[in-house]
Amino acid sequence: MAARPTAKRQRLILALAAAGVLAIAGVVATIALQDSAAYFKAPGDIAASPPVIGQTIRLGGLVKDGSVQHAPDGLTIRFVVMDNRAELPVRYKGITPDLFREGQGVIATGAMTAAGDFEAQQLLAKHDENYMPPEVARAMEKGGHPLKSAPNTGA
Amino acid sequence: MATPDLHAYANPLRFRRLAVAFTPWLLLAGLGLLGAGLYAGLFLAPADYLQGESVRIMYVHVPSAWLALGGYLGMAIAALSARIWRHPLADLCVQAIAPIGALFAGICLVTGSIWGRPTWGTWWVWDGRLTSMLLLFLLYLGVIAIIHLHEDRARGHRMAGLLAIIGTINLPIIKFSVEWWNSLHQPASIRLSGSAIHADMLWPLMLAALGFLLLFAAMVLMRMRTLIAGQRAEARARRLAARLG
């Protein structure tokens, strides 16, 4: 009878050791993935280390207030994507998602051009974590609380 | 004798008695709460200032995500206790949870995709949150497959349990994927510091989540009873075959 608790304890210690190794492996993998697992680059990242011209990347940030301009062809739009570090002019030809608007988050897939702006092939709208009825949103805007939170640019 | 409390419920007959007593109440309360939560979410709660009516998918999507994650943790704990304490019902608990967890992970992925199309402009992207959630669904499927892979049932349970335990590493990755990495999916709305979901939308969500949770528990209990009955029928068939052979 005395052998049973010992075997049990041994299995417990083994399991705890395995869990410890697993946790360390997870932390290492997470740190290693830091760059490659990011879904997009913020304008600040691009300003800090400019990508190769023509190389497809994803750009994410906030659409700058008052920056959206519609071209006469009715399809092409120009706007500025910004974060708290940098701004980048973007050109996109196509249909914009419903949630695309100034002050909201956006993710554009495309490439840098030689002219220094970003030519987007695909445009996705980012939604933030705020959920509220329209009346509350209006009241908050009126009360001087702009509803633009910083984009989720990771750590 | 070291852990009498745990083993008191290890007796399949005693467990069955408890499960039989609890299941109808869990089902009834779960259906009632879920019905109230979904009614409130679909008809009473306001539309969102940005998303409009599509916000209502949240009342199914978010509880499904929570249960897919919580269910996996429960399954892994059961697998661990099967390995450490050789709890006789623990392996059956793993087998009982796996398809239900997979179901909720599947609901989470499908509803998320349906919400993503009008909101983001795409059905799917390979960002950290969506990818790790798909991995959770595949881990559930893997556990189910491995249980049935081996002719020797005990061996299948051991291997499936191992996968279940190793897979827990994915849980914090899902949770923090939206904070560690840039992602299309938004960060958590409900945190310890408060909720970014307006109260008028939050209470139906909580009702629905509680309802889903009770239904989840009821389904696990029902599946465990089925598995125990199957095990006993198998043992009886073996005894009968031995006697005749």
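A residue is called buried if 20 or more other C-beta atoms lie within 10 Å of its own, exposed if 12 or fewer do, and partly exposed in between, with the C-beta atoms placed from the backbone. By that criterion, 42% of the 245 residues of chain B count as buried. This is a predicted model, in which local features need pLDDT of at least 70 and side-chain atom pairs count only at pLDDT 80 or more, while totals for chains, interfaces and linings use all residues. Residues are numbered from 1 along each chain as its sequence is written, and chains are lettered from A, with ligands numbered from 1, in the order in which they are written.

Chain B has eight helices and two strands, where helices (H or I, at least four residues) and strands (E, at least two) are DSSP runs numbered from the N terminus. Along the sequence their order is α-α-α-α-α-α-α-β-β-α, and the C-alpha atoms of the chain fill a box of roughly 70 × 35 × 35 Å along the principal axes.

Helix 3 of chain B (residues 58–84) deserves a separate look. The expected span of a helix is 1.5 Å times one less than its number of residues, so the 27 residues of helix 3 of chain B should span 39 Å, and the 38 Å between its end C-alpha atoms agrees with this. Because 21 of these 27 residues are buried, helix 3 of chain B is largely enclosed by the rest of the structure. After this helix comes B:Arg86, whose phi is positive, near 55 degrees.

A nonpolar core is a set of buried Ala, Val, Leu, Ile, Met, Phe, Trp, Tyr and Cys residues joined through C-beta atoms within 7 Å. The largest such core has 94 residues, of which A:Val81, A:Ala108 and B:Val94 touch the most other members. Helix 3 of chain B gives the most to this core, with 15 residues. Leaving aside residues up to four places away in sequence, A:Ala108 touches several residues, including A:Val81, A:Tyr92 and A:Phe118.

The contact between the chains takes 35 residues from chain A and 38 residues from chain B. On the side of chain A that touches chain B, helix 1 of chain A gives the most, with eight residues.

Methods:
Contact = placed C-beta atoms within 7 Å.
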